[in-house]
Amino acid sequence: MTALDEETVGSLVASAPDGADLTVPTYDRDRLTTGIVHLGVGGFHRAHQAMYLDRLMAEGKALDWAVCGVGVLPGDARMRDALAAQDGLYTLVLKHPDGRLEARVIGSIKEYLLAPDDPEAVLEKMASPEVRIVSLTVTEGGYNIHHVTGEFDLADPAVAADLADGAVPATTFGLVTEALRRRRERGVPPFTVMSCDNIQGNGEVARRAFTTFARAKDADLAAWIETEVAFPSSMVDRITPVTTDADRALVAERFGVDDAWPVVAEPFEQWALEDTFPTGRPPFEDAGVQVVPDVEPYELMKLRLLNASHQALCYVGYLAGHRYAHEVAGQDVYARFLRGYMDREGTPTLEPVPGIDLDQYKATLIERFANPHVADTLARLCAESSDRIPKWLLPVVRHHLATGGPIEHAALVVASWARYDEGTDEAGEPIEIVDRLADRLHRAALAQAEDPLAFLRDREVFGDLVDDERFTAAYTAALDALHEQGARATVEDLVARG
Ligand SMILES: NC(=O)c1ccc[n+]([C@@H]2O[C@H](COP(=O)([O-])OP(=O)(O)OC[C@H]3O[C@@H](n4cnc5c(N)ncnc54)[C@H](O)[C@@H]3O)[C@@H](O)[C@H]2O)c1
Ligand SMILES: O=P(O)(O)OC[C@@H](O)[C@@H](O)[C@H](O)[C@H](O)CO
């Protein structure tokens, strides 16, 4: 087994076990210059954007668009250490449905900085003229948008600390805004802010977040950001589970690479990107990115079909004793439930999506979820639900409540979340609720023994949904059924009703 770094990478293919499908960067990484600062280098960025850049670099393109990764949170020290020891290199392993493994060492991340270690270094990197894009995968919650008001939450303690006079920036907003201030002061054109998070209108959401923060800090600067900074929207897609020790062992055994933090993903990839980059961008279209004038139809399709379906399968599956997405999606009854949600409730809220056959897209989704080798955990899909359900599923519900359309599948999804947050599965096993609102959601879920609508009464999460009698009737019926007969039978009944 060979350690992974700049010295060894050239010899990895020769020393890999026979038959290993492994490729490594053959471009000269010393020639790369940093053009992108990426905040939130986790699994997804490394399986997606960094992979597209690596693909371009392998063709001799985008050599001035290498990535400087930035960790904003102290917990990113693990990524700092893993990447530092490997000169930014890591292995991306694609797991095909037939069990085939395809590995590529990715070389596009040239540098990594941890903001809590050295905020000044991060600010100067973002302020440097060679950087023309600051991209983000900081999760849905990372934009600090209040669920109900839809406004940037200036009262958030970390944000309030960054707004104080003389504060050393610590949040995404403080760092990006201060870097933009320095560029403006130095006469350097601003970078483009490219959100790659699963949020509808992610460019607009980012614009709102950064300009609201800037307005509270410095009104002139905010006006400059509003007119000068571009915030393209994007739809990004590749199921990327959390890396496990088994994945590390697999990379060692099957490819002979000792990688501290490889990333595994499904083979499917998609990226639709709005073409608004006043200070330039890599030729992403040459790597298979759909560079389009309007991303919204693609975003809605993905969030309301793929991501909302993830929520549709994760709670019922977990309650029924499953722990992986494929165990659920691979069963006919759950696959029919997902397809029922997609066909009756998700799809009617969508506009036509250029170049996409939705029937084919939905069939492919079920196949992707059912890929057993990807081993995506239900725990990953159940996490931070209070950031996901309101953004992905509730817009579908509200559409149908306003137009008299069907809501039964979505009501069952919300009820299954409420049942999940009671904190035990149907076999009595404890559930660890991972959510920034975990305590309050758990308390509300327990209170539904006396008040079936207790969970839905949280207006910060659900807005006025609790006031809609059609929704509450479907929701309480689903919740009763989940309590009385369990998740699988409840899903079976809904599927049987057609
Ligand atoms: N994993 C996937 O399948 C997938 C697919 C498409 C899109 N995405 C998008 O990428 C995001 C990240 O997914 P991932 O799989 O890389 O997760 P991850 O947990 O591997 O990485 C998340 C990164 O975001 C950072 N982060 C979290 N909250 C933050 C905050 N408040 N401020 C600054 N940084 C913060 C973390 O420190 C970490 O670096 C998702 O939330 C989603 O929007 C993920
Ligand atoms: O990562 P999140 O929080 O946006 O959502 C969980 C999953 O639905 C998501 O990661 C999907 O796997 C992904 O969006 C597929 O492209």
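**Ligand surroundings in the predicted model**

In the predicted model, a backbone N or O atom of threonine 240 lies 2.9 Å from an oxygen atom of ligand 1, a polar contact being a pair of N or O atoms within 3.5 Å; within protein, one atom must be able to donate a hydrogen and the other to accept it, and residues adjacent in sequence count only if both atoms are side-chain atoms. Residues are numbered from 1 along each chain as its sequence is written, chains are lettered from A and ligands numbered from 1 in the order in which they are written. Local features need pLDDT of at least 70 and side-chain atom pairs count only at pLDDT 80 or more, while totals for chains, interfaces and linings use all residues; side-chain values use heavy atoms, with hydrogens and water left out.

The backbone also approaches ligand 1 at asparagine 198, where a polar backbone atom is 2.9 Å from an oxygen atom of the ligand, and at valine 138, where a backbone N or O atom lies 3.3 Å from a nitrogen atom of ligand 1. Taken alone, ligand 1 exposes 820 Å², of which the protein buries 77% (accessible areas by the Shrake-Rupley method with a 1.4 Å probe; for residues, only the protein chains shown count as cover). Around ligand 1 there are 22 residues, of which Phe44, Asp76, Glu140, Asp197 and Thr240 come nearest (a residue is near a molecule if one of its heavy atoms lies within 4 Å of it). This shell comprises seven nonpolar, nine polar and six charged residues, with Gly counted as polar.

Asparagine 198 also faces ligand 2: an N or O atom of its side chain is 2.7 Å from an oxygen atom of that ligand. Two or more residues of the shell are given by each of helix 11 (296–319), helix 15 (378–382) and helix 16 (385–392) (helices are DSSP runs of H or I, at least four residues, numbered from the N terminus). Helix 11 supplies the largest share, four residues. The shell around ligand 2 divides into four nonpolar, three polar and six charged residues. Ligand 2 lies between domain 1 (2–292) and domain 2 (296–497), because both give residues to its shell; these bounds come from an automatic or database domain assignment.
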